[in-house]
Amino acid sequence: MHAIVIDKPGGPDVLAWREVPDPVPGPDEVLVDVAASAVNRADVLQRQGFYHPPPGASPYPGLECSGVVAAVGSDVEDFKPGDRVCALLAGGGYAERVAVPWQQVMRVPDGVDLVEAAGLPEAACTVWSNVFMIGRLRKGETLLVHGGASGIGTLAVQLAKAFGSRVVVTAGSAEKIARCLELGADEGIDYHDGDFAEKVGADVILDIIGGRYLPENVRALKTGGRLVVIGMQGGSKGELDLGALLTKRASVHGTTLRPRPVDEKGVIVRGVVRNVWPLVDAGAIRPVIHARVPMDQAAEAHRILESGEHIGKILLVG
C-alpha cells in the first residue's frame, strides 16, 4: 500500500507519498480500506517534529478516516468486511489502509457521503468529550467557541445548538462569522476587535488558543463556569488569576484526545454514537467541508490549513 511518510521535520514538502508495508490487524482490530482522511492541527505539529505518535501507534499522520472494512481480527464481533465505517485514530489515516482498535470504529451515519464522513470522527469526539463530558454543557447555557470556523468549531456550533444552548464564536473575518451564524451560532465576535471578555459571559468555553487567551477566558466565565483548553496556538503559558477563579467558583481543564488509552477513547466513541449520530442521521449536523484534496497531494492540504483561510474540514481523498 501507499502512505504519507515523514522522513524528517519540516514544511509541507517533507510529506512524501510512498509504498510501505501493509498493516496487519491484531485480534481486536479492524482493517479499513481508506476512502478519505482529514487534516488536523496535530498533523501539522507532527510534520514539524513537535507531536510524536503515542507508543505503538502508526508513524504516519492522520487522526481520522472513513472507508470500508477489509478484514477484522479474531476477537472483533461488531464489524464485518464491507461495512461503511469511520474511525478515530492515533495515527495512520494518511494511507490506503489502516488498522484500528474496534472500540474506535463507528458505522457511517445514514445519508452521509462516505468521503465526507472522514470529517466527523475527530471533531465529533473532541466536541462531545470536552464540551459535554468535561464541560457539562446544559440546555440554556452559553458556550463560547474560539475558532468557530474550524472543523471542531463548526461541529461544536451545530451540536451545542441541537442540545438547546446559546452559542457565541470568535473568528478572524466577517466571512467566517457569517458561516458560523448560518450554522446556528447566536453571535460572532471578530477576535481582531479587542477584548471578547467584555462582550460575552459563558458557562463553558472551548479554547484552542491556550496561554494568550487565559486571562480573558477566566474573565469571560460566568459563576460556576468551565474553561476547557484543547490547544496551544497562542502559547503554552498564561497568567491565571486565582482570585477571579475562586470568586466565580469556576474551573479550568486541559485535555488531549490522541494519547488516551483505547478504553477511554471507546467510552467517548460510544457516547458519540449514542448522542451525536442520531442528530447526524436526522440532518441536524453535517460535516462542513472546505476542500477535497487527493491524498498524494497532502502537502497542498497542509498549506491550506496553515493559511488559516479555510472554513470547516480539509479532506484527503484516497
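Predicted model: local features only at pLDDT ≥ 70, side-chain atom pairs only at ≥ 80, totals over all residues.
Although Arg249 is not a glycine, its phi is positive, at about 50°. Arg249 counts as exposed because its relative accessibility is 64%, above the cut-off of 50%. A positive phi of about 55° is also found at Arg136, likewise not a glycine. Arg136 belongs to the loop between α2 and β8. With a relative accessibility of 40%, Arg136 is classed as partly exposed. Most residues other than glycine have a negative phi.

Strand β13 is part of an open sheet of six strands, in the order β10-β9-β8-β11-β12-β13, and the pairing is parallel. The edges are formed by β10 (187-190) and β13 (251-254); each has a single partner strand, so one side of each has no neighbour in the sheet. From one strand to the next, the twist averages 15°. The parallel strands β9 and β10 are joined by four bridges. Val168 stands opposite Glu187, a residue of β10. Helix α4 (residues 174-182) packs on the sheet and touches β9 and β10, its direction making about 165° with that of β10.

The largest nonpolar core comprises 43 residues, and Cys125, Val127, Leu159, Val272, Val276 and Trp277 have the most contacts inside it. At least two residues of this core are supplied by each of β5 (84-88), α2 (121-134), β8 (142-146), α3 (151-162), β9 (166-171), β11 (202-207), α7 (262-275) and α8 (277-281). Helix α2 gives the largest share, seven residues. In soluble globular proteins, nonpolar side chains tend to be buried together. When residues up to four places away in sequence are not counted, Val276 touches Trp128, Leu159, Gly271 and Ile285. Another core, of 27 residues, lies apart from the largest one and includes Val32, Val44, Val105 and Ala298.

Asp43 is buried but has no salt bridge. The nearest side chain of opposite charge is that of Arg258, 6.0 Å away, whereas a salt bridge requires a distance within 4 Å. Neighbours within four places in sequence left aside, the contacts of Asp43 are with Ala38, Pro61, Gly62, Leu63, Tyr94 and His302.

Methods. Residues numbered from 1 in each chain as written. Heavy atoms only, no water. Core = buried A, V, L, I, M, F, W, Y, C linked by side-chain atoms within 4.5 Å. Buried < 20%, exposed > 50% of the residue type's maximum accessible area, 1.4 Å probe, protein only. Contact = heavy atoms within 4.5 Å. Lys, Arg positive; Asp, Glu negative; His and termini not counted. Pairing = 2+ DSSP bridges. Axes fitted to C-alpha atoms, helices over the stretch in contact; angles between N-to-C directions.
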